[in-house]
Every structure is written in C-alpha cells, then in structure tokens.
Amino acid sequence: MRFDVHPFKDLTEALEWARNEIDQAAGAARARYITIVPGQDATYQAKYADALAFSRAGYPEEKVADYPWVNAEKSALGGTARAAADSIRSSGDPWNMVVGPSIEQIRIGSKNELLSADAIGDAVRIAAEARAALGRI
Amino acid sequence: MEEIAIEMKAVVFYDATGRISSCAKLDTRSLAAAGANYLEVDEVVPTYDATHYVKKGALTERPRMNVTTSSATVTANGVSEVTVTGIQKGAQVMVIGPQAAHGTANGEDIHFTFATAGEYLIVARLFPFADVEVKVNAV
C-alpha cells in the first residue's frame, strides 16, 4: 500500500500546484537558453522567422529586400544574403528546432497527463518527473 | 492507638485488554478494596506500558513487529519511496513531520513518498505489539 505524504487538502489543490510547478520548471529551462533583455527575444524570433522563410524559399538573393531582417544582417556584416540567413539560423536552430520544442513537449505532455490523475500522489509524481526532465535540458 | 502496617508494593494498573496504564508503589490493601485491576511486580518501571502488558494475569513482554526499512533517507520529490515491511495488518500508521498522514495498514509492504523535505517519524501501533517508530529524512 502507499502513503503519499503531502501538503494538499484535496486533489484540486494538488493539480493546481502541479500545473504551476510544471510551468515554473519550463520557464526555468527556457531561461537557460533565451534572453530576458526587454525586446531582445522578440528581435531574435523575428530574425529567425525571416531567415527560416528566406532559406526555405531557396535563398532568393534578388528578393532579399522582402526579408528585412536578413537584409539588415547582410548589410551589417557584408557577404551574401544566404550567409546572413545561415548565420542567423545557426544561432536560432538549436533553440527553435530542438530545445524549445522539447521543453514545450514535456510541459504540454505533463499537463495532459495531469488530466487523468485521480490521486494526489499522481499529481505530485507527474510534477516531479516533469521538473526532473526539464532540469536535464 | 493501634498501629496499622502499610504494605507498599510495586504494581501495574491495566485495563480489560491487558494494556498497562501506570506503574507505581502503593499500599495494595486499598487497591484490593477498590476492586482495581492491578498486578504486583518486582519494581517500579515507569515505561512498563511501552514494553509489557498483562496477559492471563502475568506481566508479559509485548510482542514485536519484525519491521525493516529500505532506507533512512529519501528524496522529497513525491516519487522516491521508502518501503517499510512487517507492519501488521490493522496497525494504525501515522506520519509525523512537516506534513502528516495516517491510515490503517493492510498487512502489505508500505511505500512512503514525501512531497516536502524534512524529518519525519513513522509510527505504527497495534496492541499488544510494541509501538514501532521509524525515522525518515526526506531531502
């Protein structure tokens, strides 16, 4: 038999705590990779989206004016628009292609698992497992 | 004036189940007259109630549950377990510490998890067995 020793008065309270724990752990994981400088994260996301679109369009150098962030990078650093786009992507791909989706997968998956938790011990366990998994990223 | 001899003897008082409530040295003549449930013993031992009981009119050592613990330390993450074996079916189990819990043992191994760090005391009680106390440090 199990004895799960915890501070919650009922399952509802435990689930609310667990959801918050998961979100907090995901936030901490993100903070290890992305900046919190005001406006900087939005800038990186815009640059990355522009570079991704430019690369997926086949690097149309003649249309670089349609990709303002790639164009700005090219103008600032010189070289080709392709090189500028690849440079932006090399910085952003790890986060956008791997780390960010992984964090979100754990976060959303764990919260989904909470939907079928019917015991306080399960809520604590799911939150603890999510926290551990997010701590390893 | 007639002198009355006082007979001071060590006795234990007990209830219908044999559970000892106290141990003292008293004049037994007054006890007999009051119809008290008592048993003469060799000496006053204040902790007799923890170690002995009265069975069929005799002072008897309380039987012991053969309890083992998998670990004295556990991670306080709601997942890692301390397993306690040997707690008899029907024993009242209480956890005392930063959080509390209680229940009745079903005779199976008991797996404890802790969501909050701290020192806990697991107590199991089933008379006439001697109480069991297990300390666990959740870190």
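This is a predicted model: local features need pLDDT of at least 70, side-chain atom pairs count only at pLDDT 80 or more; totals for chains, interfaces and linings use all residues.
Residues are numbered from 1 along each chain as its sequence is written, chains are lettered from A and ligands numbered from 1 in the order in which they are written, and side-chain values use heavy atoms, with hydrogens and water left out.

**Chain A**

Select chain A and colour by secondary structure. Helices (H or I, at least four residues) and strands (E, at least two) are DSSP runs, numbered from the N terminus. Of the 137 residues in chain A, 35% are buried, where buried means under 20% relative accessible area, exposed over 50%, and partly exposed in between (1.4 Å probe, protein chains only). Contact means heavy atoms within 4.5 Å; among contacts in chain A with a separation of 6 or more, 62% are between residues 24 or more positions apart.

Next, select Tyr59(A), in the loop between α2 and α3 (68-77) of chain A. Tyr59(A) has a positive phi of about 55 degrees although it is not a glycine. Is this residue, Tyr59(A), buried or exposed? Tyr59(A) is buried, at a relative accessible area of 19%.

**The largest pocket**

Stay on chain A and select Tyr44(A), Ile88(A), Ser91(A), Gly92(A) and Asn96(A), which lie nearest the centre of the largest pocket among its 17 lining residues. A pocket is an open set of points on a 1 Å grid over the protein atoms alone, where a 1.4 Å probe fits, with protein on both sides within 12 Å along at least five of seven lines; lining residues have an atom within 4 Å of a point.

The most comes from α4(A), with eight residues. By type, the lining holds eight nonpolar, six polar and three charged residues. Here Ala, Val, Leu, Ile, Met, Phe, Trp, Tyr, Cys and Pro count as nonpolar, Asp, Glu, Lys and Arg as charged, and the others, Gly among them, as polar.

**The interface**

Display both chains. On the chain B side 24 residues are in contact with 12 residues of chain A. The two chains bury about 1400 Å² between them, 62% of it on carbon and sulfur atoms. In chain B, select Gln99(B), Thr113(B) and Ala115(B), which lose the most area to chain A, together 30% of what that side buries. Buried area is the accessible area (1.4 Å probe) that two parts lose on being put together, summed over both.

**Chain B**

Chain B has two helices and 13 strands, and 36% of its 139 residues count as buried.

Go to Lys56(B), in the loop between β4 (52-55) and β5 (58-61) of chain B. Lys56(B) also has a positive phi, about 50 degrees, although it is not a glycine; Lys56(B) is exposed, with a relative accessible area of 82%.

Finish at Pro128(B), in the loop between β12 (118-125) and β13 (132-138) of chain B. A cis peptide bond joins Phe127(B) and Pro128(B), with omega about 10 degrees.
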